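Subject: Structure handover

Hello,

Here is the structure for you to look over. My notes come after it.

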Amino acid sequence: APEIVTFGEAMGLFLADAGTPLAHARRFTRTLAGAELNTAVALARLGHAVAFAGRVGDDPFGDDVRATLRAEGVDAGALRVDPSAPTGLLTRDQHGERRLRVVYHRAGAAGSRLTAGDLAALPIEQARALHVTGITPALGPTARAATLAAVERARAAGVPVSFDPNFRARLWSAEEAAKVLRPLALAADLVLAGEEEACWLSGCDDAAAAATWFLRRGARAVAVKRGARGAWVADGERALAIAARPVALPVDPVGAGDAFDAGFLSAWLREQPLERCGAVAAAVGAACVQSAGDLAGLPTGAELAALLDDETEVDR
Ligand code: ATP
């Protein structure tokens, strides 16, 4: 049985050549995106047995989602093909520093039509963790119901829930989102949130206070992500700042949060101490920032071990 199960909308991504603003981009690399897909692939590369569920269209992008999951060793047995809607797409540019432009073509796409019934094929009860993000409940009423039902199934079976709010202002208002994301965060064992989201959902002023707020309400561990400033991590016993790993030339910051989630969850399931969970998460996040696209930079277990040992030897 898969150790970690997750679900969400996987999309085709047209990524503009580095450094070219989207409006002027003529050349694109086609790859895949989707927060839960990114985290699933990152976890598989780190050596975990992972299953991913969702809906894709009956089109080449959906085929690519399935083929990529298979190639990465992610169980796609619960991935459904929806014959009446296309696979969602997005296009964006990539820069280390300047503001990114992202254009979505995902409204009404197959991924948004996910239902609780689709997740019957996902072995949540047999897993060691369910990873959920706040994107899926923003996609539509059935996807929202599916998310809530999945979390209920995990809780009823005593399976830990890992949750990243991943608020997307393009999909719903902050007011509507808070009503759904706050209860989801309070149902989670592991809360992995950006600093702004953590403060917003908790009503606290800073990362440390926000982490304490979630811990007091049932979380077993919390990571508050602060981009190039690292993260604040806390569990019932300890709380500490995790430094970001220095990245001299950030290529593409998108996906770092999803990668960080995978690193933290991986170390947490392996019962590593809090400090190590944070260090692994930061290393996986930093590796993501150093490559174009969401998936290319994700390290294997061996690459991660080398990073954490600070091996500077070059393979040749
Ligand atoms: P997103 O969902 O946009 O990826 P996020 O808020 O979930 O954002 P970030 O805080 O941007 O996630 O990044 C997650 C982690 O990745 C950080 O805590 C940090 O460890 C690492 N990271 C991100 N950006 C950088 C960077 N420029 N240099 C080094 N590490 C980084």
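The notes below cover a sheet, its helix, some aromatic pairs and the ligand site.

This is a predicted model: local features need pLDDT of at least 70, side-chain atom pairs count only at pLDDT 80 or more, and totals for chains, interfaces and linings use all residues. Residues are numbered from 1 along each chain as its sequence is written, and side-chain values use heavy atoms, with hydrogens and water left out.

Four strands form an open sheet in the order 3-2-6-7, with mixed pairing. Strands are DSSP E runs of at least two residues, helices are H or I runs of at least four, and both are numbered from the N terminus. Two strands pair if DSSP finds at least two bridges between them. Strand 3 (28-33) and strand 7 (102-105) are the edge strands, each pairing on one side only. From one strand to the next, the twist averages 20°. Axes are lines fitted to C-alpha atoms, for helices over the stretch in contact, and angles run from 0 to 180 degrees between N-to-C directions. Strand 6 (residues 89-92) and strand 7 run antiparallel and are joined by four bridges. Arg92 stands opposite Val102 in strand 7.

Helix on the sheet. Helix 2 (residues 60-71) lies across strand 2 (11-16), strand 3 and strand 6. Its angle to strand 3 is about 65°. Contact here means heavy atoms within 4.5 Å.

Aromatic pairs. The whole structure has four. Rings of Phe, Tyr and Trp (its six-membered ring) pair if their centres lie within 6.5 Å; planes under 30 degrees apart count as stacked, over 60 as edge-to-face and the rest as tilted. Phe14 and Phe61 are edge-to-face, at 5.9 Å centre to centre and 70° between the planes. This pair links strand 2 to helix 2, 47 residues apart. Phe14 is partly exposed at 27% relative accessibility, whereas Phe61 is buried at 18%. Buried means under 20% relative accessible area, exposed over 50%, partly exposed in between (1.4 Å probe, protein chains only).

Phe260 and Phe264 have ring centres 6.5 Å apart and planes at 15°, so they are stacked. Both lie in helix 7 (residues 256-269), four residues apart, about one turn. Phe260 is buried at 7%, and Phe264 is buried at 0%.

Ligand. A side-chain N or O atom of Lys225 is 3.0 Å from a ligand oxygen atom. A polar backbone atom of Gly227 is 2.6 Å from a ligand oxygen atom. For a backbone N or O atom of Gly230, the distance to a ligand oxygen atom is 2.9 Å.

Best wishes

Technical notes
A polar contact is a pair of N or O atoms within 3.5 Å; within protein, one must be able to donate a hydrogen and the other to accept it, and residues adjacent in sequence count only if both atoms are side-chain atoms.
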